[in-house]
Amino acid sequence: MASENIIEEKKQGQALITDKIKGNNKKLFIESYGCQMNLNDSEIVASILAKEGFNTTHLLEEADLVLVNTCSIREKAEQTIRKRLQKYNRVKRINPEMKIGVLGCMAERLKTKFLEEEKMVDLVVGPDAYRDLPNLVKEIESGKDAINVILSKEETYGDVTPVRLNSNGVSAFISITRGCDNMCTFCVVPFTRGRERSRDPQSILKEAQDLWEKGYKEITLLGQNVDSYLWYGGGLKKDFKNASEIARATAIDFAKLLELVAQEVPKMRIRFATSNPQDMSIDVLHSMAKYENICNYIHLPVQTGSTRMLERMNRQHTREDYIKLIDNINKIIPECAISQDMIAGFCGETEEDHKATLSLMEYVKYDFGFMFAYSERPGTLAAKKLEDDVPMETKKRRLSEIINLQQKHGLYRMQQFVGKTVEILIEGDSKKSSEQWMGRNSQNAVAVFPKTDEKIGDLVMVHIDDCTSATLIGRRVA
Ligand code: SAH
Ligand code: F3S
């Protein structure tokens, strides 16, 4: 299923490429796993290294430096990356000059383990230490190992203009917050990405304007929890209560930021991810309703439909609170698409809890979903305090029931567009045929239609004649 908060499967780990800079003669092979935030971080890394003489390459064999931006969210994500590290090490036997580095969440979680015990890499850099890369790269070039996994309370890379990797020239990401303070008991992110901080709105607006001038037509504002965005002159979210009166009075929250971005680039499509039910305000919904260019799509992970489980997950809201929020979305933004993340088989989940998840899904009828079996992560509150007691078989069965139901609802949502005319932003060729365009509507549904005289980046009206559970099929009408 099309994915907004998770990089599409096929793009996971693809070599990331950007324009060549003349005079740069070192070769960087960089891959990114996990969330969109990681992809955007890889763009920041490539930008920093471009100034150090590196051009990107898609050939592992010719690389001077191989970097992998890693994900720790589930055990399987880490296993995938270990396999990649083994592959790099096989290539290194042929090209011993090649240096290997891990970036991101696994670097943060495993710290020196990669260097000392496993000896699989030369370089380990956590998500807040990319500015140190020029020094760290010099260290490894002189034959030493290098590591920086210090987490920061301020770093937002606000002044680093990311180079765009594997870009279609149409859609780009802008990070607006880093880290997360929510401490969901199952989640490793607060440990790997540190405390929550927000980026200076002026730098966000500038980046949006720059992208518009470069011809981009769609931006996605990124954060682990965008609704929690809060700018009061800098500083951690948790210190807001101690800020001066004036700083508090002039603070900018996510609803206001959305509005500022919508006004700054009035013809740019604006998306955002990820929203957290406990932090999403009615004001955000009103900003969305007010501005035509803010897309009608909310990724609103809930994880479970059972209040008892929500409590164990430390999600800070009940099933009823969530339903109220869904009702408000439907009231304030008619035709808003909503997607979920679900976790099947969290600690102590009973059949009744699972049924509550299915019934919540029936209520919402999500457009899209990203569904996972619970995977215990070392160091999390759940790993320390709760027993991972749902048998794998049961987790898998519940997960497949959730996925099947989601597929049914996905198809139902797609069918609602059949017979209607929708506005599509053209992103590129359809996967199946170069005679067809692929694009998305405001609700993030993928559409394909025959090419006539359009080009990538055009906004066109498409009449939808048919659909599958993942694709709208239509023809251009204006
Ligand atoms: N707020 C973040 C969430 C990151 S994790 C964001 O930007 O999307 C993405 C999803 O992975 C979570 O919503 C959750 O459904 C899932 N997930 C997180 N930890 C998990 C675990 N230990 N086991 C299974 N799934 C997990
Ligand atoms: Fe993880 Fe919960 Fe934050 S899922 S990223 S701790 S909102």
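User: What makes Phe-370 the bridge partner of Asp-341, and in which strand does Phe-370 lie?

Analyst: In this predicted model, Phe-370 lies in S16 and is the bridge partner of Asp-341. Another such link runs from Ser-339 to Phe-368, again in S16.

User: Why do S15 and S16 count as paired?

Analyst: Pairing needs at least two bridges found by DSSP. Strand S15 (residues 337-344) and S16 have six, in the parallel sense. Therefore they pair, by that cut-off.

User: How do you know that S14 and S15 pair?

Analyst: Three bridges join S14 to S15, and the two run parallel. The cut-off is at least two bridges, so S14 and S15 pair. One link is Tyr-297 with Ala-337, the latter in S15.

User: Why is S15 called mostly covered?

Analyst: A residue is buried if 20 or more other C-beta atoms lie within 10 Å of its own C-beta. In S15, seven of the eight residues are buried, so the strand is mostly covered.

User: How do you know that the span of H12 is close to the expected one?

Analyst: Helix H12 (residues 319-332) has 14 residues. From its first C-alpha to its last it reaches 20 Å, and 20 Å is expected at 1.5 Å a residue. The span is therefore close to expectation.

User: What puts the buried residues of H12 on the same side?

Analyst: The buried residues are Arg-319, Tyr-322, Leu-325, Ile-326 and Ile-329. They cover an arc of only 120° around the axis, so they lie on the same side of H12. An α-helix has 3.6 residues a turn, so residues three or four places apart point the same way.

User: Which residues lie on the other side of H12, and why are they called exposed?

Analyst: Glu-320, Asp-327 and Lys-331 lie there.

User: What makes a residue part of the shell around ligand 1, and how many surround it?

Analyst: Its C-beta atom must lie within 6 Å of the ligand. For ligand 1, 18 residues surround it; the closest are Thr-274, Pro-301, Asp-341, Phe-372 and Ser-375. The shell divides into nine nonpolar, six polar and three charged residues.

Technical notes
Residues are numbered from 1 along each chain as its sequence is written. Chains are lettered from A and ligands numbered from 1 in the order in which they are written. This is a predicted model: local features need pLDDT of at least 70, side-chain atom pairs count only at pLDDT 80 or more; totals for chains, interfaces and linings use all residues. Ala, Val, Leu, Ile, Met, Phe, Trp, Tyr, Cys and Pro count as nonpolar, Asp, Glu, Lys and Arg as charged, and the others, Gly among them, as polar. Helices (H or I, at least four residues) and strands (E, at least two) are DSSP runs, numbered from the N terminus. A residue is buried if 20 or more other C-beta atoms lie within 10 Å of its own, exposed if 12 or fewer, and partly exposed in between; C-beta atoms are placed from the backbone. The arc is that of the directions from the helix axis to the C-beta atoms.
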